[in-house]
Amino acid sequence: MFDKVLIANRGEIALRIERACKELGISTVAVHSTADADAMHVKLADECVCIGPPAASESYLNIPQILAACEITNADAVHPGYGFLAENARFAEILEEHGIAFIGPTSEHIRLMGDKIKAKEKAASLGIPVVPGSEGPVTDDDAAALAEEIGFPVLVKASAGGGGRGMQVARTAEELPVAFATARAEAKAAFGDDTLYMEKYLSHPRHIEIQVIGDGRGQAVHLGERECSLQRRHQKIWEEAPSPALNGDERDAIGATVAQAVAEMGYRGVGTVEFLYEGGEFYFIEMNTRLQVEHPVTEMITGIDLVIEQIRIASGAPLSFCQKDVRYEGHAIECRINAENPSTFMPSPGRITQFHPPGGLGVRMDSGAYAGYTIPAYYDSLIGKLIVHGRTRNDCLMRLRRALGEFVIEGIETTIPLFASLVAEPDIANGAYDIHWLERYLEKP
Ligand code: ADP
């Protein structure tokens with residue numbers, strides 16, 4: 001097992017990883033920018049190293065500085081969290097070249113899944129159902145013929161895509177040239193790579209993803225699904241497990257398909273295979289080769305600590321459980337608490353004057369916020385995640401309503417009022433929502 005892990009991240013996820021390390025008896029090194037000197041992840045770590053000025057490009061994305069921090073603290077592994085360098089294949093490679101373990105998959109698997117065209121080809125070859133669409137990149141010349149073949153509406157997507165950028169819908173042949181040009185320009189600007197592909201646009205799917213974990217030696221298990229259809233601009237805001245739309249047989253079938261594929265790849269570590277789900281069918285969209293923001297809902301219903309498993313596997317240990325040991329208990333919901341105006345979604349950085357998070361049975365708060373903490377304006381606006389567990393989905397919703405009512409954050413605006421209104425919506429209570437539901441709801445006067 002590792003002696004010392006450096007956490008190349010900030011905020012709630014850095015704290016989450018520190019907690020796992022402490023339970024395993026591993027020392028922790030926090031890194032931080034000058035803007036984060038007072039952050040909780042810095043205060044709770046055994047050691048800390050300042051790696052640069054506020055801009056992420058000069059601190060949390062600065063590979064030479066992070067390597068130097070590993071060298072001076074003698075860390076033997078790096079946990080990248082999510083975002084920042086978590087899916088940077090070159091970073092994983094550089095660490096390996098320096099004899100430092102990367103707590104994640106091999107650089108080869110990160111690179112493969114980072115290319116969405118190759119990822120889709122690989123998934124299909126492993127027997128995972130994919131969205132019908134182009135095979136390989138699409139050029140300006142074959143776009144029209146291909147779109148006719150797939151059938152309108154179509155979605156033009158960037159091969160290097162992420163965060164919903166470089167994605168355009170064309171509903172008719174007339175709309176296609178503009179959609180194509182816009183996606184190309186967006187992809188070029190965001191990723192420096194304007195390779196595009198095309199998919200059938202599904203009109204009212206749900207977003208359902210499968211959590212997997214592999215030992216890198218051909219063994220893999222799945223931990224069921226997460227339902228992440230409540231999205232605004234392709235960003236998830238509320239996630240739950242299990243999905244209100246799946247039954248046990250569907251779960252076991254798609255889970256087994258995914259676990260088998262991941263085992264065949266020889267995948268090491270945790271990963272998430274994302275699907276759209278419509279009309280009882282699953283359609284692969286991408287695989288994320290890292291821990292996800294929404295991993296706690298899976299932990300709450302399985303009792304399995306995904307970060308501890310991740311660290312154990314990266315240190316060379318086998319999986320500590322097999323498929324038949326995985327049991328699902330009750331229901332869990334996560335709300336992403338952002339420092340944002342709940343109607344306009346404008347960021348609201350600043351000083352938190354009062355902070356009283358909810359507690360009690362079945363309530364988990366993953367957050368680095370505290371009274372007197374000033375949220376810097378340089379990073380994303382996630383300040384914490386409220387995760388609630390109950391014996392049934394209804395118990396979980398009632399507990400969530402109670403927990404939101406108890407939550408006090410003063411000095412900044414947060415998305416808590418949005419969640420309080422969502423809990424009261426009949427469609428939410430009935431689990432009757434798809435990926436477009438939230439945007440329609442937010443448009444209502
Ligand atoms: P990114 O990597 O940019 O997040 P994804 O491929 O994961 O892109 O898709 C993000 C979101 O876009 C999905 O959760 C879904 O809401 C929507 N989406 C993606 N592909 C399709 C499709 N073929 N039809 C309809 N919606 C889609």
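**Helix 4 and its surroundings**

Mentor: The buried residues of helix 4 pack against helix 3 (63-73), strand 4 (77-79), strand 5 (101-102) and helix 5 (107-114). The model is predicted, so local features need pLDDT of at least 70 and side-chain atom pairs count only at pLDDT 80 or more, whereas totals for chains, interfaces and linings use all residues. Residues are numbered from 1 along each chain as its sequence is written, and side-chain values use heavy atoms, with hydrogens and water left out.

Trainee: Which residues of helix 4 are buried?

Mentor: Buried means under 20% relative accessible area, with a 1.4 Å probe and protein chains only. Helices are DSSP runs (H or I, at least four residues) and strands likewise (E, at least two), numbered from the N terminus. In helix 4, residues 89-97, the buried residues are Ala 89, Phe 91, Ala 92, Glu 93, Ile 94 and Leu 95.

Trainee: Why is strand 11 largely enclosed by the rest of the structure?

Mentor: Strand 11 spans residues 235-241. It is largely enclosed because the buried residues number 6 of the 7.

Trainee: Which residue in the turn between strand 10 and strand 11 has a positive phi?

Mentor: The two strands form a hairpin with 2 residues between them. The positive phi, about 50°, belongs to Arg 233.

Trainee: How many residues has the largest nonpolar core?

Mentor: A nonpolar core is a set of buried Ala, Val, Leu, Ile, Met, Phe, Trp, Tyr and Cys residues joined through side-chain atoms within 4.5 Å. Those with the most contacts inside the largest core include Trp 238 and Ile 337. Strand 11, strand 14 and helix 12 (393-406) are among the elements that each supply at least two residues of this core. The core has 39 residues.

Trainee: What is the strand order of the open sheet of 3 strands?

Mentor: Strand 7 (168-170) and strand 8 (196-200) stand at the edges with a single partner strand each, so one side of each is left without a neighbour in the sheet. Strand 6 (residues 154-158) is joined to strand 8 by 5 bridges, and Val 156 stands opposite Met 198. The pairing is antiparallel, and the order is 7-6-8.

**Domains**

Trainee: How far apart do the C-alpha centres of domain 2 and domain 3 lie?

Mentor: The domain bounds come from an automatic or database domain assignment, which gives domain 2 as 132-200 and domain 3 as 206-443. The C-alpha centres of domain 2 and domain 3 are separated by 29 Å.

Methods:
Buried < 20%, exposed > 50% of the residue type's maximum accessible area, 1.4 Å probe, protein only. Contact = heavy atoms within 4.5 Å. Pairing = 2+ DSSP bridges.
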